[in-house]
Structure formats: structure tokens, C-alpha cells
Amino acid sequence: MERALRAYMEVLRLVRRLPPETRAYYSKYARENFVNYRELDDPSSLPDLLRRAYSHSSWVLSKYSVDVSVADRLKSICSCENA
């Protein structure tokens with residue numbers, strides 16, 4: 001659970017790097033997704049969910065021409081060596 005919360009906080013930090021008019025949408029989107037998976041039936045699916053969070057965050061950053069390397073901290077939290 002602690003790892004998921006750290007990932008969520010890092011995603012919100014990354015949202016601040018997006019254009020102002022997109023921040024509300026992506027912060028709400030991130031919250032909804034983390035809340036939806038708050039109570040996992042299978043804890044072994046957490047690494048996959050965190051990898052998807054990193055992958056999606058990287059995609060959004062590149063969509064808005066933000067250097068994807070700013071997501072390195074999220075990558076280390078999610079342990080996405082091969083993402």
C-alpha cells in the first residue's frame with residue numbers, strides 16, 4: 001500500500017509539469033484510477049498496475065512535450081526496469 005501511495009503522490013507531482021489547462025483533468029483521472037484499485041483482490045497484480053501507471057504517465061508527458069526523464073523517480077518507485 002505504501003508503494004502505491006508513493007506512486008500516486010509522484011504522479012500528482014508529474015501532473016504539475018503539464019500545461020495548466022490539463023492539470024485538473026489528469027489529477028482527477030489519476031485519483032479515480034488509484035481509488036478504483038485501492039482494494040486489490042490479488043496483491044500480486046500491484047506491480048503490473050504500477051508499471052501501467054508509469055507507462056501511462058510517460059505517454060502523457062511526451063504527449064505534452066515534457067521531458068520523460070522527469071518520470072525517473074516514478075520509474076524507480078514502480079520498479080519498471082523494462083518499461
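**Entry 1: core.** I looked up the largest nonpolar core and found 19 residues, of which Ala7, Leu18, Leu61, Leu74 and Cys78 touch the most other members. The term covers buried Ala, Val, Leu, Ile, Met, Phe, Trp, Tyr and Cys residues joined through side-chain atoms within 4.5 Å; buried is under 20% relative accessible area, exposed over 50%, and partly exposed in between (1.4 Å probe, protein chains only). Helices α1, α2, α3 and α4 each supply at least two residues of this core, and α1 gives the largest share, six residues. Helices here are DSSP runs (H or I, at least four residues), numbered from the N terminus. In soluble globular proteins, nonpolar side chains tend to be buried together.

**Entry 2: source.** I note that the model is predicted, with local features needing pLDDT of at least 70 and side-chain atom pairs pLDDT 80 or more, while totals for chains, interfaces and linings use all residues. Residues are numbered from 1 along each chain as its sequence is written, and side-chain values use heavy atoms, with hydrogens and water left out.

**Entry 3: Cys78.** I listed its contacts (heavy atoms within 4.5 Å). Leaving aside neighbours within four places in sequence, Cys78 is in contact with Arg3, Ala7, Leu50 and Tyr54.

**Entry 4: α3.** Leu50 and Tyr54 are among the buried residues of α3, as are Leu46, Leu49, Ala53, Ser57, Ser58, Val60 and Leu61. I find that their cover includes α1 (2-15), α2 (20-36) and α4 (72-78). I checked the length of α3 (residues 46-63): at 1.5 Å a residue its 18 residues should span 26 Å, and the end C-alpha atoms are 26 Å apart, which agrees. The expected span is 1.5 Å times one less than the number of residues. Just after α3, Ser65 takes a positive phi of about 55 degrees.

**Entry 5: α2.** I ran the length check on α2 as well: 17 residues should span 24 Å at 1.5 Å a residue, and the end C-alpha atoms are 25 Å apart, which agrees. Thr22, Tyr26 and Ala30 are buried in α2. They cover an arc of only 65 degrees around the axis, so they lie on the same side of α2; the arc is that of the directions from the helix axis to the C-beta atoms. Their cover includes α1 and α3. On the other side of α2, Glu21, Ala24, Tyr25, Lys28 and Asn36 are exposed.

**Entry 6: Tyr25.** I looked up Tyr25 in α2; Tyr25 counts as exposed because its relative accessibility is 52%.
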